[in-house]
Amino acid sequence: RVAACCASPPGRPHARASPVRCAQVRSYKYTSPSDTLLERLFLHRFWNAMVRWCCPAWVAPNLLTAVGLAHAVAAYALLLTYSP
């Protein structure tokens, strides 16, 4: 039997999810862990300013992560290529 709870609005029915579980998943909201002193004093303001200055608002966070990964892979490839 398929639970109909995930059918509206958007989603699809799930065979093993109860209506209560579907409601819990829909109501979930991510909260980050408590910040350290350094984060509260410096890092939040620094990264907010960097994001406002360096990238437009239409750029997805996943794209930023992928670009960072590409840079790391390229640096590793250069290191392997030119190391003796």
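**Exercise 1. How many disulfides does the structure hold?**

Solution. This is a predicted model, in which local features need pLDDT of at least 70, side-chain atom pairs count only at pLDDT 80 or more, and totals for chains, interfaces and linings use all residues. Residues are numbered from 1 along each chain as its sequence is written, and side-chain values use heavy atoms, with hydrogens and water left out. A disulfide is a pair of cysteine sulfur atoms within 2.5 Å, and the structure holds zero of them. For Cys 54, the nearest cysteine sulfur is that of Cys 55, 6.9 Å away, and Cys 54 is in no disulfide. Cys 55 is likewise in no disulfide.

**Exercise 2. Determine whether Cys 54 and Cys 55 are buried, partly exposed or exposed.**

Solution. Begin with the cut-offs: buried means under 20% relative accessible area, exposed over 50%, and partly exposed in between (1.4 Å probe, protein chains only). Cys 54, at 48% relative accessibility, is therefore partly exposed. Cys 55 has a relative accessible area of 18%, so Cys 55 is buried. Across the protein, buried residues make up 8% of the 84 residues.
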